[in-house]
Amino acid sequence: MNARFITAFAAIVMLLAFSGCSGESQLLDTIPADAPGIVTLNVEKLTDALDGAKHGGKLTLSETLDKFLTKSSERCHREITAILTSESIDRTLMAGFAITGKDSGIGAFKHSGDYTYTFKIKNLSALVDEIGASSTPETIDGFDVYELEDVNLVVKDKQGWLLWGDAAKAVATLSDELNRASNTPASSLKGIAKFLSAGDNIFHLAIARSEAADGWTCITGGVDDNAREMLFDAKFIDANGKEKDMDTYLKRIDQSLLDYTTPSDIFVLAMGIKGDTDWEEMLNYVQSVYPLDFSQRSFMGMILPYLKRLDGTIMIAGGLSDPSDLSQSNLGRNINFVVAIQLKKSEVKKTISDLRDIIAMVGLPVVDKGDEFVMQTPGSDPISLKAVDNTIVLTNRSLKQLGNNAARDAAKNNSFAIWANIPNSIGETVYGGNGFTLKMGVNDNFKMSFSFSDPTVPVFEQLALLISADRNPIEEIPASTETAPEATANDMGFTPLDTIR
């Protein structure tokens, strides 16, 4: 996890702050049902989570926003702050949506960048003054347009929209969207309207799964009661408004593979895959959502025969070999790992043979020890490849381990799970911040939680401090000389023994 990721994460959070939530269907009446994506936001809940001082931290809401907007111009800072904090708008009832244009589905929502955000206005003159806009708007086709920095505030009948680009084109686009919404509004969507109108969390996001509008991926985000942990849920809702299982192609994780993990692992991923999975259908769906170029299609065609051999759990785990000798330059060589893949029993020997041929073809030195192959490159630990029953194991450490019960708990009863506990030492070395804990799991639905290692500071306050940091530790650390301080239990962000019962 690097500085760019953290910055992008914060940008998403602030984007959602412009997006919107709805406790009623009024705003959904003005959004077309075929919008590729719709997001609703309860700004009151967002600003409550941003107010660190209210939750035992040090930064007030204003100070937290200052940190998040440290790179913004003074004008942009004022406008965003006004939208998030002004009592002149209904802060419990905001919404945003992706403009359909020529495309639809998740691809359009992700790539087009053509969005609008809307909210009800309680006091227009006060809002205009708070934002710092001109008190005399331009009137275009019955809409009042106030020019802000890089965005237009468009107003009609006590409803406001934020639209980018040329004002006249923005109004024309909005008029088209409103006309389509008058025919079939988002409020008419079964299940989706209820989901978006819940208002019980910071944001609710619904993304159309395909052009055929066969359903929506619905994501909810918020924080726990003391604002120390970010919480996310996701589910599928079909065109009839019914929830569908998210693990259709998956099976429960085989917990026995978690025995290969160690108490000091910092990352564990596990996923259970059914042997009769229709990989062609899945790849065709991926191609319909994310068009692949020639090289990508060629790669998918190459690995497809191997995907068809899977039957069971894939598990990947890794940890630090020497936490006391950690630097940006040696991070990759300081990781010990295990990869375990369960296959159909009839495919194990053939797969081992195929992998042996691939390893020889790329020129890696290999020692054949009969029941396993051992590879080693200069400066790295030896890596062994062997079969254990119906499982192929690739590792640079012993398979006899104590296990990691925190990771076991994350994988229990799930078909997909990620557990990560990144030490402070890695956080400081890679992106200049605290370590963090991430838990993610899928059974029928999806759940994820994220928290920084310091339990005394609210999560948004820590994120704001990280975003506003002036330095980039990745650029500052000389690759060949500087190392992180010797790790301690506190630096690790957790005590290794805590992961064993």
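The model is predicted, and local features are reported at pLDDT of at least 70, side-chain atom pairs at pLDDT 80 or more, and totals for chains, interfaces and linings over all residues. Residues are numbered from 1 along each chain as its sequence is written, and side-chain values rest on heavy atoms, with hydrogens and water left out.

The protein chain contains 16 helices and 21 strands, where helices (H or I, at least four residues) and strands (E, at least two) are DSSP runs numbered from the N terminus. Of its 501 residues, 49% are buried; buried denotes under 20% relative accessible area, exposed over 50%, and partly exposed the range in between, computed with a 1.4 Å probe on protein chains only. Among contacts with a separation of 6 or more, 65% join residues 24 or more positions apart, a contact being defined by heavy atoms within 4.5 Å.

Strand 1 (residues 37–41) is largely enclosed by the rest of the structure, because five of its five residues are buried. Both of its faces are covered, with Gly-37, Val-39 and Leu-41 buried on one side and Ile-38 and Thr-40 buried on the other. Strand 1 pairs with two strands described here, pairing requiring at least two bridges found by DSSP between the strands. With strand 8 (residues 203–208) it runs antiparallel and is joined by five bridges, and Val-39 has Leu-205 as its bridge partner in that strand. With strand 2 (residues 89–98) the pairing is also antiparallel, over four bridges, and here Val-39 lies opposite Gly-96.

Strand 2 also contains Phe-97. This residue has a relative accessible area of 2% and is therefore buried. The C-alpha atoms of Phe-97 and Val-39 are separated by 6.2 Å, although the two residues are 58 residues apart along the chain. When neighbours within four places in sequence are left aside, the contacts of Phe-97 include Gly-37 and Ile-38. Further contacts of Phe-97 are made with Ile-31, Pro-32, Ala-35, Asp-114, Tyr-115, Thr-116 and Glu-177.

Strands 17 and 18 form a hairpin with two residues between them, and Asp-389 in the turn adopts a positive phi of about 55 degrees. Glu-372 belongs to strand 16 and counts as buried because its relative accessibility is 16%. Apart from neighbours within four places in sequence, Glu-372 contacts Val-367, Ser-384, Leu-385 and Lys-386.

Two packed helices are described by the angle between their axes and the distance between the axes. Axes are lines fitted to C-alpha atoms, for helices over the stretch in contact, and angles run from 0 to 180 degrees between N-to-C directions. Helix 3 (residues 61–68) packs against helix 4 (residues 74–85) at about 135 degrees, with the axes 11 Å apart. The two helices are therefore oblique to each other; angles under 35 degrees count as roughly parallel, over 145 as roughly antiparallel, 65 to 115 as roughly perpendicular, and the rest as oblique. Leu-61, Leu-65 and Asp-66 of helix 3 meet His-77, Thr-81, Leu-84 and Thr-85 of helix 4 in this contact. These residues comprise three nonpolar, three polar and one charged, with Ala, Val, Leu, Ile, Met, Phe, Trp, Tyr, Cys and Pro taken as nonpolar, Asp, Glu, Lys and Arg as charged, and the others, Gly among them, as polar.

Helix 4 also packs against helix 6 (residues 124–131), the axes coming within 8 Å and crossing at roughly 145 degrees. Arg-78, Glu-79, Ala-82 and Ile-83 of helix 4 and Asp-129, Glu-130 and Ile-131 of helix 6 make the contact. By class, this contact has three nonpolar, no polar and four charged residues.

Most residues other than glycine have a negative phi. Asp-150 has a positive phi near 65 degrees and lies in the loop between strand 5 (143–147) and strand 6 (152–156). Ala-227 likewise has a positive phi, near 60 degrees, and is placed in the loop between strand 9 (215–223) and strand 10 (230–238). Asp-150 is exposed, with a relative accessible area of 60%, whereas Ala-227 is buried at 1% relative accessibility.
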